[in-house]
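I opened the model to look up a few things. The entries below follow the order in which I went through them.

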Amino acid sequence: MTRDIDISDDATVPVGRFAPSPSGRMHLGNVFTALLSWLSVRSRGGRWILRIEDLDPQRSRLEHARLIEDDLQWLGLDRDEGGIDGTGPSAPYLQSLRHSLYEKALRDLEATGLTYPCRCTRADIMATQAPHASDGRVVYAGTCRPEGFPAVRPKADSRPAATRIMVPDRDICFTDIVAGPQAVNLAELCGDFVLRRADGAWAYQLAVVVDDALMGVTEVVRGCDLLDSAARQIYLFDLLGFKAPAFAHVPLLCNQAGQRLSKRDASLDMGSLRRRYSPEELVGYLGHLAGLLPKPEPVTPAALAEIFDWSKVRRSQEIRI
């Protein structure tokens, strides 16, 4: 059975967001995504939000968040709300300060009867992997699902438990602005997924849905490596009674060996790039990589917004630089 969940645009002012993790200095790939998100909403007179996704205390640093803000300002990618200071109607804009909002959403999901505690370790899960999951995906087998569902219930255990949500065995259908029509069966893609880890940390899938919904985000632009997350998030939007945003999963920037850029690539982080290029040169280069300009030439974000159209953006999964 398929189900097409409505994520189409409506007459409201478009609202986009850039939601980086402050685990290091932004690299060229991060800026590529931020630029396309900014251009998309600015070209239609929309609003742009900066949200800091700092749920991981081991990797997140406030000084990195400040560098992100400074780099965006240097590039000319101004925001309407958000950032460290949390200015705007949906404050705070740091996920580490939004714990109570995730708690409420979890209670609402628990009220559906679809959540349950899970004490499986990663080793337990990997031991049950079916052959079709050999591409590296982890598909949860439903070991801890309550009685009455097609799984074996484990014995009572006093260990801390994660919270999982049951997924339907049907397709969730949507059309990605870049990747096109998608039909995803969550039971086959990932199985019942985690909303909150056993150590109390919030899962990305829940936090991003709550934040996008409460911040009024109508369009999510991010790398195509996160395309698999969209169906899970659309499912949660639906259960929580929110309309899902439109999604645009853009190509990843990779080196000539086909390896995606990372924050370890110091030569392509913003510290190095700012010493070598002007903001207009970087924006023009990225505009060319995206397919918006026939050749790399200096241009301001505002000028690029005047010619922006998603039909011009490259449809490949990666762009080698």
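**Helix H7**

I began with helix H7 (residues 227-239): 10 of its 13 residues are buried, so the helix is largely enclosed by the rest of the structure. Buried is used for under 20% relative accessible area, exposed for over 50% and partly exposed for what lies in between (1.4 Å probe, protein chains only). Helices (H or I, at least four residues) and strands (E, at least two) are DSSP runs, numbered from the N terminus. Among the buried residues of H7 I noted Arg232, Gln233, Tyr235 and Phe237. Just after H7, glycine 241 has a positive phi of about 85°.

**Basis of the entries**

The model is predicted, so I note the limits: local features need pLDDT of at least 70, side-chain atom pairs count only at pLDDT 80 or more, and totals for chains, interfaces and linings use all residues. Residues are numbered from 1 along each chain as its sequence is written, and side-chain values use heavy atoms, with hydrogens and water left out.

**Parallel sheet**

I traced an open sheet of 5 strands in the order S4-S3-S2-S10-S11, with parallel pairing. Two strands pair if DSSP finds at least two bridges between them. Strand S4 (81-82) and strand S11 (246-250) are at the edges with a single partner strand each, so one side of each has no neighbour in the sheet. S2 pairs with strand S10 (residues 219-223) in the parallel sense over 2 bridges. I looked up arginine 17 and found valine 220 in S10 as its bridge partner.

**Aromatic pairs**

I found 4 aromatic pairs in the structure. In one of them the ring centres of phenylalanine 18 and tryptophan 48 are 6.3 Å apart and the planes are at 5°, so this pair is stacked. It links distant parts of the chain, with phenylalanine 18 in strand S2 (residues 15-18) and tryptophan 48 in strand S3 (residues 47-50), 30 residues apart. The criterion for rings of Phe, Tyr and Trp (its six-membered ring) is centres within 6.5 Å; planes under 30 degrees apart are stacked, over 60 edge-to-face and the rest tilted. Phenylalanine 18 counts as buried at 7% relative accessibility, and tryptophan 48 is buried at 0%. Phenylalanine 308 and tryptophan 310 form an edge-to-face pair, 5.1 Å centre to centre with 80° between the planes. Both phenylalanine 308 and tryptophan 310 are buried.

**Charges over rings**

The charged end of arginine 164 is over the ring of tyrosine 140, 3.7 Å from its centre. Arginine 196 lies over the face of tryptophan 202, 3.9 Å from the ring centre.

**Antiparallel sheet**

I traced another open sheet, of 3 strands in the order S5-S6-S9, with antiparallel pairing. Strand S5 (115-118) and strand S9 (193-196) stand at its edges, each with a single partner strand, so one side of each is left without a neighbour in the sheet. S5 and strand S6 (residues 162-165) pair over 4 bridges in the antiparallel sense. Threonine 115 has isoleucine 165 in S6 as its bridge partner.

Note on methods
A charge sits over a ring if NZ of Lys or CZ of Arg is within 6 Å of the ring centre and within 35 degrees of the ring normal.
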